[in-house]
Number of protein chains: 2
Amino acid sequence: MDFRKIKNISVDIVLFGFDGKDINVLLSKRYLNLHNPHYPIIDDWVLTGNHIFKSERLDTAAQRVMHDVSGHDAPFMRQFRTFGNPKRVTKNKDLLWSQSQQIDPRTLSVGYYALTHCSDFEIQDPNYQWFPINALPELGFDHQYIIEMAFKYVKEIINVSPIIYHLLPIKFTLNSLLSVYETIFDITIDNRNFRKKMISKPYIVQLDEKERQPNSKKPANLYMFSKDIYRHMITEKPRIII
Amino acid sequence: MDFRKIKNISVDIVLFGFDGKDINVLLSKRYLNLHNPHYPIIDDWVLTGNHIFKSERLDTAAQRVMHDVSGHDAPFMRQFRTFGNPKRVTKNKDLLWSQSQQIDPRTLSVGYYALTHCSDFEIQDPNYQWFPINALPELGFDHQYIIEMAFKYVKEIINVSPIIYHLLPIKFTLNSLLSVYETIFDITIDNRNFRKKMISKPYIVQLDEKERQPNSKKPANLYMFSKDIYRHMITEKPRIII
DNA sequence: GAGATAAAGAGTACTTTTTACGCTTATTGT
DNA sequence: ACAATAAGCGTAAAAAGTACTCTTTATCTC
């Protein structure tokens, strides 16, 4: 294994975390102060990411980055788009940063989106932090744009692939699933119809467990998504709608 | 503009062309013969692609490649995935080729899919050729894999975005549209229901022209897809099915 | 333990979309 | 003129989606 970094290729991960209320994005603090501590030159946030090693696969690099953050297994993640605009690193602070890190300012960034439930992805290091997607801080590079693209992409893929479950714990209540849909698409959904629809799906499996909510009244049934059942039943019927 | 090639980044385009019957893929002849003309060392096909220039955008590079092939404007194309497995170039002939072209065997390839109707994309040069997707020749590098991924991707995106029309001429008949669906998804569709459904869509606009088919009986009405109308009416309702 | 509360969860009626299939109309080659 | 072929219309049944009313269940408060 060759651990030298390829200077012009990186992976950046847009990790979306649902906390029961908001969709959040994991960001990493970027701080650089060459001279005077009172006048930091760079003090903003960026996506988690890193340059890849000479003999490393892209997926592996992305997993490595996630592992470095949490120490745990990487969450569900998929490549969604590569950003290679030669002008994506042109702001002064970004150029300065590239220089300080000895990386090529003309870096190709392979973008990954990742999904998790916040409680499943613990962060100790205060240099990493969740931000609600509707209240992002100042971001370095073109990361604001990358996040927007990732979110748009995820919303599209949710309609054709069962990835939304990754935003919830393995065992989840129907209300929480409904809540994810409502949050992501910014809509309201009729609880009763939603239940009927979901319960009718063979791959939404009811468990024998119940969950006591914080402001608990009646505890809710827990369900899980069965990838196996889902796979076995995909008729793969196209929509022919569009 | 800096026209030096970046040695480890390329774009590869999977151009799908519908000819009324098959889905075809455009391939480029790869031929290398160092010594004896009777024993070519490399004689196979690859995707059209090229390394990008130092100050070139990815999309621009992809368009350049298409332009080099046809001399015409590039067809509709979108990035779909980047291939960066360090072992993607390991076969002897591929290594030899990389050497002869002075490119890095550890090249990251940004994959684009592109869609056209074969008649809209004329090829003079016999080094470029259409191959039915079900009858591809021997392919270099990991291009077989890239094509498979591209096709899978396209089939998914067709369900959420109106890209299928790019496989047809601007003016098309409903039968030809039906035919594309049938070919891509390998299904049969009821002609009468399909017509009703399509005609009911505001963005499928009937024209005043008719088309006389080759084995013509009754000439068919021509339609076109209106991007404008489509955009104006997207309610963007999520499915909540999966 | 009675009653209030909040969410789970059934039920019902209506609308829209999809599917299946019979039949008619239009155009051209022979 | 007629056969052949594809375009195109109509109708009915099934399935899926939507809107709302009402009931049940478990827990907290008093």
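Author: Happy to! Keep in mind that this is a predicted model. Let's start with helix 4 of chain A and helix 5 of chain A, the latter covering residues 191–199. Their axes come within 10 Å and cross at roughly 110 degrees. Angles of 65 to 115 degrees count as roughly perpendicular, so helix 4 of chain A and helix 5 of chain A are roughly perpendicular to each other.

Which residues meet there? From helix 4 of chain A come A:Leu174, A:Asn175, A:Leu177, A:Leu178 and A:Tyr181, and in helix 5 of chain A they meet A:Asn191, A:Phe194, A:Arg195, A:Met198 and A:Ile199. Sorted by class, this contact has 7 nonpolar, 2 polar and 1 charged residues.

Now follow helix 4 of chain A (residues 174–185) to another neighbour, helix 3 of chain A (residues 143–158). The axes of these two come within 11 Å and cross at roughly 135 degrees. That angle makes helix 3 of chain A oblique to helix 4 of chain A. The crossing of helix 3 of chain A and helix 4 of chain A is left-handed. Here A:Phe151, A:Lys155 and A:Ile158 of helix 3 of chain A meet A:Tyr181, A:Ile184 and A:Phe185 of helix 4 of chain A. By class, the contact between helix 3 of chain A and helix 4 of chain A has 5 nonpolar, no polar and 1 charged residues.

While you're looking, find A:Tyr181: this residue of helix 4 of chain A is listed in the contact with helix 5 of chain A and also in the contact with helix 3 of chain A.

Note on methods. Residues numbered from 1 in each chain as written. Chains lettered and ligands numbered in written order. Predicted model: local features only at pLDDT ≥ 70, side-chain atom pairs only at ≥ 80, totals over all residues. Heavy atoms only, no water. Axes fitted to C-alpha atoms, helices over the stretch in contact; angles between N-to-C directions. Helix = DSSP H or I, 4+ residues; strand = E, 2+ residues; numbered from the N terminus. Parallel < 35°, antiparallel > 145°, perpendicular 65-115°, else oblique. Left-handed = near helix turned anticlockwise from the far one by under 90°. Contact = heavy atoms within 4.5 Å. Nonpolar A, V, L, I, M, F, W, Y, C, P; charged D, E, K, R; others polar.
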